[in-house]
Amino acid sequence: MDPREEDEEVEVEMEEDEEEVERGEESSVNLIKSMTQKLATEPVTVRVHDIVIKGNTKTKESVIEAQLRELREVTTMQELLQESVRANARLRALGIFDKCVITLDAGPEELSGTANVIVEVEEVKRPFSGDLGVFSKPETKAWTLEGTVKYKNLGGHAETLDATGCYGLDTTSELSAGVIYPRFKGLPASLSTRVTLLTQDWQRYSSYRERLSGFSVGLVGDNQHDISYNLTWRDLKDPSRCASKSVRRQLGHSLLSAVKYTYKRDDRDSAFRPRRGVAFISTTQIAGLGPDSRLLRFARQEVEVRLAIPLGFANAALNLGVAGGVILPWGPGYKTKPTPISDRFYMGGHSSLLGELKGPSALLGFRTRGVGPSELRRPPVGPTEKGDGEVVAVPKKDTLGGDLAVSGFADFSFDLPMRFFKEYGIHAHTFVCAGNLLPLTGEGASAWSLRNFFSGFRVSSGAGIVIPTKLFRLEVNYCYLLRYQDSDRVKRGVQISLNSPQ
Amino acid sequence: MSMMEMASPSDATGSTSVPGDLVLVTRPPAFGLPTACPACLPAFLYLRMAAVSFQEQVTAVEPDSEDLPSVEYGENVGFASENGGVVEFLRREKIVDLDAGLSDSEKAELETCKAMMESWVADASAYELWMRDNDRQCKAVYFAQLPWGLVQALDWKQRVAVMQRLGVTPENAAVRSEELYRKAGNAYSALSVLLGDQKFFFNNRPTSLDALVLGHLLFHMKVPFEISTLKGEISKHQNLVNYAESWSKQLLGEDGAPIDAAFQPKVPPPPPPPARAAPAKEKEKPAKKPRSEKDILFKKRAKYFVIAQFVAVLMYVVFAGFEVEGDDEVGDDDE
């Protein structure tokens, strides 16, 4: 079937993500009817002959073409329509066009069965944009104020230049600037380069403060793959001078030169309340790339699998998750060298079990960095000189993190039997989670066995209510600890956790 | 505290000490010195003179830390940057005090000389170490274990800081250095007179001043600086040179010679048991006791009140149809 026979101009306008099929001149209702019927019942073969781009003054044509590459490969009219919608969405997502209209026109007369695609764009008049917001970081239990200024399409490559400042009271401050090129050199990935200056305070948990100044460049794939290189100057300090011995041994300057590859797949039906599907993430990091043997050298791997199983009643679903991670030093002396404390694994805190996919970290019922190896801090100079027995203060500890971490959970979620709750997606859940971490290197790594590792698992269970909102997922849980160790920092009872998905 | 009363059979530093007893944290060794850091060397010599056995721990990645040298004694730590430094910490923890037993007038003299060492002499020493011509030696002292890139950045940063502290600018370098060296020369003369032909500065027994002076002398005599004005100044005083050389042999055991018997290390008294010895639960209780039932109830209620308020706000946000656009509104909705 030749669409040209109808001598028809199809314009697909997607201003409001809708398609409108219009007839250019005097149109008859019948023609449209037969046309739509044909499209609905059988494939209409068509080939794209030419793509015409109009309206771009600053933006390079190649940038727009890179977003339209799939259009060239279509074989049917139906595909062409679908791909046009997708391409339009992609072009809009670049954020450099105020308006973007894709018109499908008939190809040249001598070539039947072809179509021309006309892309009309209107570039934004104001390339600047700014954002200001307050964010919560569940892992550090801190709130931060963040501001971003963006300048888009400066060189016509649809690149985004941005400068971000982030400040958290006493905890974090970050300044960073970066450039992102979407669909770099025709790859299905965007190139992102970034310069960062970050100060992160871990004094509350591990008595150190780290200052990171670095540069990273990465290819962020459109869907599953993400690879990046990172060069960071790390400076660990202990301004309070109360760090434990193991933390003191970690202080000082170091240079990280690392490649990180992330493979992520998430086929679950919802990020907030998954009821069906599988999600998988694997992150591999190799540090120490470069001829200098004094660079930080370690390899880090983490894996997480999540599974959502529908149960068929009351919207109920069972979510299962297993995560594991390991970090090991390499190079001469790898047997005795401790791993960098900032790269180790930590567990506990307020993150939700069904939150972001990020390896073994969530364990409800424990405080932030509350699980695993710890060491006594340096006692304060004052009170030791006073009485012998009258030391009132509880000795504080530094969390050291683990080199090997495994955690898992089972979460059963179901609808509450009230219409009011159902309407807003508020549901209940009960859960069991378990996890353990242990050091493999450094001084803390005494002989360990797999049996010890598994018998040392911390287990907690609980139940709660989940309130999903547009921006975040809020959980109010009651936690009950089934197994823990004396050195853990536990948090029984009611816990509130706030999580943004992914 | 007399420290020459016994000589333990150990022949190497720390070989007999119980792990975790006494640890000296210094910058790494170089140029035949146990630690090539001008601040750490006196602390090392102090412990050697006190004949205390200790373990050495090297940290090579903190060129800009003021906490070094530090001494670890069980859970307790004495940092150089803290009140009185390492020597004061050793005295406070009753490990060793070389200056005990000096008469008041001797103490006064000791303090004066130490002040002179820590100001005039230390400034001249820092200038010589951080001057551009001695760049190679300076890097060996502070940056030997750091990766390329960090060395250059930290070296530059530190040099600027040191020169700023000393008040040296490119314009006044000649004048200022002359002044620094003159003061150091004066200090050497004074020390030379005070030492005379004695074995130590006071009473034929080591003091903290001996450690300080020896550390400085050995550092400038052993490190092969390109420009070593201070070495020239030191060599003007033969008794100081002899003093440094003889003690370097006896304390550091160079040229295959064993460490002098008088300075064979002995094990320090064990550190006090760490606070964790008592069960943690018992300790938590006294801290909590002062809170009366009422307080606890009040706190609990306050907590629930806050939670209730938060939930109320949230309910409002969810049910009152408050639509937060979130990521959707990246500024593209102007028609």
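This is a predicted model: local features need pLDDT of at least 70, side-chain atom pairs count only at pLDDT 80 or more; totals for chains, interfaces and linings use all residues.
Accessible areas here come from the Shrake-Rupley method with a 1.4 Å probe, and for residues only the protein chains shown count as cover. On that basis, the accessible surface of chain A comes to about 24400 Å², with 57% of it belonging to carbon and sulfur atoms.

Side-chain values use heavy atoms, with hydrogens and water left out, residues are numbered from 1 along each chain as its sequence is written, and chains are lettered from A and ligands numbered from 1 in the order in which they are written.

Of the 502 residues in chain A, 47% are buried, where buried means under 20% relative accessible area, exposed over 50%, and partly exposed in between (1.4 Å probe, protein chains only).

Which residue of chain A pairs with B:Glu72? The partner is A:Arg249, with the closest N and O atoms 2.7 Å apart. B:Glu72 is buried, at 2% relative accessible area, whereas A:Arg249, at 26%, counts as partly exposed.

Within chain A, the side chains of A:Arg473 and A:Glu475 meet at 2.8 Å, N to O; A:Arg473 is buried at 3%, and A:Glu475 is buried at 1%. By contrast, A:Glu122 and A:Lys125 meet at 3.5 Å, with A:Glu122 partly exposed at 35% and A:Lys125 exposed at 67%.

Definitions and conventions: A salt bridge is a side-chain nitrogen of Lys or Arg within 4 Å of a carboxyl oxygen of Asp or Glu.
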